[in-house]
Amino acid sequence: MSMSTLQPGSWQYRALNALNPGLDALSLGLDDLVAAGEPVVAGTADLTYSNGLIEFQRRHPDRFVQFGISEQHMVSAAAGMATTGLTPFVATFASFLALLCCEQIRMDVAYTKQRVRLVGHHTGISLGFYGTSHHATEDISTMRAIAGLTVVSPADGAQLRAAIRASASWPEPIYFRISRGRDPQVYSDDVGFEFGRGIEHARGADVTIVACGTLVHPALEAAERLHAEGLSVGVVDMPTVKPLDEELIRSLAGRTGVIITAEEHNILGGLGSAVAEVLAESPGGARLVRHGIRDEFSLIAAPTRLYAHYRLDADGLVAVVREVLS
Amino acid sequence: MTTPLPDTVDIALLRDRASFIRTETVRLIEIAKVGHYSSVFSAAEIFAALYYDVMRIDPKNPQWPDRDRFLMGKGHAAVGLYPVLADLGYYPATALDDYAHLGSAFGDHPDMTKIPGIDFSSGSIGHALSNGAGMALAGRMAGRDFSVFVMVGDGEMQEGQVWEAALSAAHHRLDRLVAIVDRNGYQLDGAVDDVVGVEPLADKWRAFGWRVVEVDGHDVAAVRDTLAAVRDRVADGVPTCVIARTSKGKGVSYMETEPGWHLGYLDPEDARRATEEIEGGRA
């Protein structure tokens, strides 16, 4: 990884120059699919402004359905729509989608193998002082446990848009886990996406941070800072939590001292658990530290305060790595 | 359109098929040793009217985009639908011989991924009206005029999602969506009105913006005429709820008088008596 931090084209440069890329990417990704002739429709449950689908609705009113505050109905209706050949994208806060609608997702979407794309946004603790009802720190866990459901947690808007484009050829139903759209940009706008494939940004002999979603950017920043201290810290972005890139995990185990998973999620059932499952069944194994929310309901505060408190920012990850290596 | 039957069939045939649905249900549950006899018996005339007359279907082409759809919120009555689909040619009747066996496509609840002719899987009460609303929405977006019939149980009216779907369907003016309430009066724990009452049912649906039609669910001619009229009416933006007044266990005397038959098993001798009674009542 380059140590010169502000080269145009570097992730650092993009992070500083991006405004609010994350949620615009949802509508833009859908536009891409429309332009490609895909039979997409979008729906939401009274959150068109929060998830940015208002833009898609303006551009494609004939492809948009407002379901009102009826999330379970929305998911079941999307499954019904999919039986006719449409590919519905339905979006609401992740806490409602993955928990309130868990059974509708299981029965109507996954069991029936419908091409529905579920978009859970404002994941983790990104809704700050709105509190536990609006935090989603269990959604990876619940969605990952449903047979045949793909779980994708993009690091930024560019990757989300790329994943939406790539979803055209992905037959399984998908749960997209996205944040609130203020995530610093990690990738360039022309980035591609391959389902089930992790992205190794840097190799680390001492530690490798395996992160998803909002933790990818702080992991990259932490690795840079630790590198300056003489530590060799690798970073893997694991946007597809299911199906997991098991080959990459097994490969990491043989060439890094410690794997640290990092996620804005309960350490029970999320990315850390998924990685632990692979390592536990692999010969040789590896030391693993799961970093995330430690099985508690989060405090409330402004999101940046919460990220600092739970050590989910770059400062926090630097401290975690130092602790692990001490 | 391609259907195996003339546009208007003989009412005697529909009565005969309703009896066939009941006797086949007794036969299949004999294989599984447990099942929802009486949930089928209340709905047999509705199945017969829909599949042998009202619905626009093509058993040779189960995925025909313009076909009418049928969904079952009360998926536990699927054992009564399986013989109908076999009879119409969606699959051979022998496919049912492994009903409920290890790996069978045919279980207590219908599975669209395994059974040709099943328009949507079910089993968890309360989803189907939403699934059907989604199909009706998609049909309108695509400019297709198929109808979507969703059979819901009266106990199912206790599920909140039914009313989310009712509100949404009226708002979105889904006039190709038809809810058929099998008002047989009983659910697993007893009489619906004792468990959690749902009346005044017709008023509730009207208040949610639906047209309501009530019918004797065992008068197969009336059921046929009602559903056909709903299917063929002029589009006016209003979804329709048909409340079918039915009797749980209809056709077998000791089930009609004993509501505990929601889920059960007839030993072979009782099954023989039930079949005789059903066939004796055949018109």
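Q: Where does Pro243(A) sit?
A: In this predicted model, Pro243(A) is placed in the loop that runs between strand 10 (240-242) and helix 10 of chain A.

Q: And what is the peptide bond from Lys242(A) to Pro243(A), cis or trans?
A: That bond, leading from Lys242(A) into Pro243(A), is cis, and its omega is near 0°. As a rule, most peptide bonds are trans.

Q: Which peptide bond in chain B is cis?
A: The bond from Glu199(B) to Pro200(B) is cis, with omega near -5°, and Pro200(B) belongs to the loop between helix 7 (192-196) and helix 8 (201-207) of chain B.

Q: Back to chain A: what is the phi of His122(A)?
A: The phi of His122(A) is near 55°, which is a positive value in a residue other than glycine. Most residues other than glycine have a negative phi. His122(A) is found in the loop between strand 4 (117-121) and helix 7 of chain A.

Q: OK, helix 10 of chain A again: at what angle does it pack with helix 11?
A: Helix 10 (residues 246-253) and helix 11 (residues 271-280) of chain A pack at about 65°, and their axes are 10 Å apart.

Q: How do helix 9 and helix 13 of chain A cross?
A: The axes of helix 9 (residues 216-228) and helix 13 (residues 314-325) of chain A come within 8 Å and cross at roughly 55°, which makes helix 9 of chain A oblique to helix 13 of chain A. The crossing of helix 9 of chain A past helix 13 of chain A is right-handed.

Q: What does each of those helices bring to the contact?
A: From helix 9 of chain A come Pro218(A), Ala219(A), Glu221(A), Ala222(A), Arg225(A) and Leu226(A), and from helix 13 of chain A come Ala314(A), Leu317(A), Val318(A) and Val321(A). Sorted by class, the contact between helix 9 and helix 13 of chain A has 8 nonpolar, 2 charged and no polar residues.

Q: Zooming out, how is chain A divided into domains?
A: Chain A is divided into domain 1 (14-177) and domain 2 (196-325), whose C-alpha centres lie 25 Å apart. In chain A, 24 residues of domain 1 are in contact with 27 residues of domain 2.

Q: Which elements of domain 1 touch domain 2 of chain A?
A: On the domain 1 side in chain A, the elements giving two or more residues are helix 7 (139-144), strand 5 (150-152) and helix 8 (157-166). That side of domain 1 of chain A has 9 nonpolar, 12 polar and 3 charged residues.

Q: Now the chains: how many residues of chain B are in contact with chain A?
A: 23 residues of chain B are in contact with 24 residues of chain A. On the side of chain B that touches chain A, helix 5 (128-141) and helix 6 (160-171) each supply at least two residues, and helix 5 of chain B gives the most, with 10 residues.

Note on methods. Residues numbered from 1 in each chain as written. Chains lettered and ligands numbered in written order. Predicted model: local features only at pLDDT ≥ 70, side-chain atom pairs only at ≥ 80, totals over all residues. Axes fitted to C-alpha atoms, helices over the stretch in contact; angles between N-to-C directions. Helix = DSSP H or I, 4+ residues; strand = E, 2+ residues; numbered from the N terminus. Parallel < 35°, antiparallel > 145°, perpendicular 65-115°, else oblique. Left-handed = near helix turned anticlockwise from the far one by under 90°. Contact = placed C-beta atoms within 7 Å. Nonpolar A, V, L, I, M, F, W, Y, C, P; charged D, E, K, R; others polar. Domains from an automatic or database assignment.
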